[in-house]
Amino acid sequence: MKRRINPASMHWTNKPCMSVIQGDRLIVETEPYTSLNSLTYGSRDAASLELDAMAGFTLTLRIDYGFRAPEDECGIILKQNSGHWCKCSVICREENQTDIACTEYDGGYGDRSSREIGAVIDHIYFQVRYWNGNVRFRYSFNGDRYSDLRWLHFASEGQKVTAGVYACSPGNSWFDCTFSEMELADEYA
């Protein structure tokens, strides 16, 4: 059974200076020199809002974004712990290129798969399904028809993970993004 998520019921891991919750919408303004992976020299942690840990679920949401500089990004994050996590994101690569990407990090190492979507798109829907330690990331431009981005084995069967949203600007930049239409099914659907 699906239910709408009120962002006010989620927990900040790293709260940005500027954020607004309006009903079921979360608006975030990123801060310069923030990232998830600390591979960027001198970066601070990305703004991140998370749900309680769960063993099986489907999370679906819409993200509207207005990137200002290369490497600005936002998306969904899943965490097993601080050293093992994965993300599904939309990333500004350059003025005329935006990618959707899935990256998994484990013990300081990461791998990534990505797909170019062009720079004229300003919103995207993401869906992550987690069951028996497996993850399936999907994306859509209209919220109805989803395409696979990546499948991966992420954790031991039955292990709980946290899911949430994040936004960051690794360079000297900032941008606004809105997370909305967040729905959660308690089990893999």
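Me: Is R136 buried or exposed?
Reply: This is a predicted model, and in it R136 has a relative accessible area of 14%, so R136 counts as buried, the cut-off for that being under 20%.

Me: And what does R136 pair with?
Reply: R136 forms a salt bridge with D148, where the closest N and O atoms are 2.8 Å apart. This pair links distant parts of the chain, since R136 sits in strand 14 (residues 134–140) and D148 in strand 15 (residues 147–153), 12 residues apart.

Me: Which class does D148 fall in, then?
Reply: D148 has a relative accessibility of 31% and therefore counts as partly exposed.

Me: What does R138 do with D148?
Reply: The side chains of R138 and D148 also meet in a salt bridge, at 3.5 Å from N to O. Because R138 lies in strand 14 and D148 in strand 15, this contact ties together parts that are 10 residues apart in sequence. R138 itself is buried, with a relative accessible area of 14%.

Me: Switching topic, how many salt bridges are there in the structure?
Reply: The structure holds 13 salt bridges, and one of them joins K87 and E73, with the closest N and O atoms 2.9 Å apart.

Me: Why does the K87 and E73 pair tie together separate parts of the sequence?
Reply: K87 belongs to strand 10 (residues 84–94) and E73 to strand 9 (residues 73–81), so the pair ties together parts that are 14 residues apart in sequence. Both K87 and E73 are buried.

Methods. Residues numbered from 1 in each chain as written. Predicted model: local features only at pLDDT ≥ 70, side-chain atom pairs only at ≥ 80, totals over all residues. Heavy atoms only, no water. Salt bridge = Lys/Arg side-chain N within 4 Å of Asp/Glu carboxyl O. Helix = DSSP H or I, 4+ residues; strand = E, 2+ residues; numbered from the N terminus. Buried < 20%, exposed > 50% of the residue type's maximum accessible area, 1.4 Å probe, protein only.
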